[in-house]
Amino acid sequence: MTCEPTATPDAVWRSYGVSRRSTRTVRVRISAALVAATVLAVLLVPPLVQLDQQAVDLSSKLLSPSWSHPFGTDDLGRDLFLRCVHGLRVSLLVGAAAALVGWADRALMRLVDTFSSVPRADCARSRPPAAPSTRTAECSLPRTASRTELGRDG
């Protein structure tokens, strides 16, 4: 009598070889569906629902979630679902701008690195070593006037 393990449906996920199903593809598909649903909600809900997100309705304040108000209402009777969708619009806009700015920032950084790697002509020529002093010749900042030189004693 041989003692071979029987294949259960859970074993397919943990097995190796051709029959192995990857959980990564499932996670990627679920994540893509959630992102697509969020983007569609942001793009389609405000034009389809012609309600003002700032409209105050004190008769329907602090309502629990229902079909007419999926997230309920706040203490001023404003629909929380519409407010969340409008907030998502701002968040997606900021995220897209950050992605574009990040791309532009990296491109500008590479340009500055390129120019910084080329030596300047006046620094490249050889000079005889100067006598040690307290001031450096080319790298010092211009000296600012003191308060006494400006006539502001006090």
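Tutor: Let us begin with Thr73, which counts as buried because its relative accessibility is 5%. Buried means under 20% relative accessible area, exposed over 50% and partly exposed in between, with a 1.4 Å probe and protein chains only. This is a predicted model, in which local features need pLDDT of at least 70 and side-chain atom pairs count only at pLDDT 80 or more, while totals for chains, interfaces and linings use all residues. Residues are numbered from 1 along each chain as its sequence is written, and side-chain values use heavy atoms, with hydrogens and water left out.

Student: Where does Thr73 lie, and which residues does Thr73 touch?

Tutor: Thr73 lies in the loop between H2 and H3. Helices (H or I, at least four residues) and strands (E, at least two) are DSSP runs, numbered from the N terminus. A contact means heavy atoms within 4.5 Å. Leaving aside residues up to four places away in sequence, Thr73 touches Ser60, Lys61, Leu62, Leu63, Arg78, Asp79 and Leu80.

Student: What does the side chain of Thr73 reach?

Tutor: A polar contact is a pair of N or O atoms within 3.5 Å; within protein, one must be able to donate a hydrogen and the other to accept it, and residues adjacent in sequence count only if both atoms are side-chain atoms. The side chain of Thr73 reaches the backbone nitrogen of Leu62 at 3.1 Å. A polar atom of that side chain also lies 2.7 Å from the backbone nitrogen of Leu63.

Student: What is the phi of Leu62, and is Leu62 buried or exposed?

Tutor: Most residues other than glycine have a negative phi, and most peptide bonds are trans. Leu62 has a phi near 55°, a positive value in a residue other than glycine. Leu62 is found in the loop between H2 and H3 and is exposed, with a relative accessible area of 58%.

Student: Is Gly72 buried or exposed?

Tutor: Gly72 counts as buried, at 0% relative accessibility. Gly72 too lies in the loop between H2 and H3. Its contacts, not counting residues up to four places away in sequence, are Leu63, Ser64, Pro65, Arg78, Asp79 and Leu80. From Gly72 to Ser60 there are 12 residues in sequence and 9.4 Å in space, C-alpha to C-alpha.

Student: How many aromatic pairs are there?

Tutor: Rings of Phe, Tyr and Trp (its six-membered ring) pair if their centres lie within 6.5 Å; planes under 30 degrees apart count as stacked, over 60 as edge-to-face and the rest as tilted. By this rule there is one aromatic pair. The ring centres of Phe71 and Phe81 are 5.2 Å apart and the planes stand at 85°, so the pair is edge-to-face. Phe71 lies in the loop between H2 and H3 and Phe81 in helix H3, so the pair ties together parts that are 10 residues apart in sequence. Phe71 counts as partly exposed at 44% relative accessibility, as does Phe81 at 23%.

Student: Why does the span of helix H2 agree with what one expects?

Tutor: The expected span of a helix is 1.5 Å times one less than its number of residues. Helix H2 (residues 23–48) has 26 residues and should therefore span 38 Å; its end C-alpha atoms are 36 Å apart, which agrees. H3 has 38 residues and reaches 54 Å from its first C-alpha to its last, close to the 56 Å expected.

Student: Which residues are buried in H2 and in H3?

Tutor: An α-helix has 3.6 residues a turn, so residues three or four places apart point the same way. In H2 the buried residues are Val42, Val45 and Pro46, and they pack against helix H3 (80–117). In H3, Leu82, Val85 and Gly102 are buried, and their cover includes H2. At the start of H3, a side-chain oxygen of Asp79 comes to within 3.5 Å of the backbone nitrogen of Phe81.

Student: What is the secondary structure of the whole protein?

Tutor: The protein has four helices and zero strands. Buried residues make up 9% of its 154 residues.
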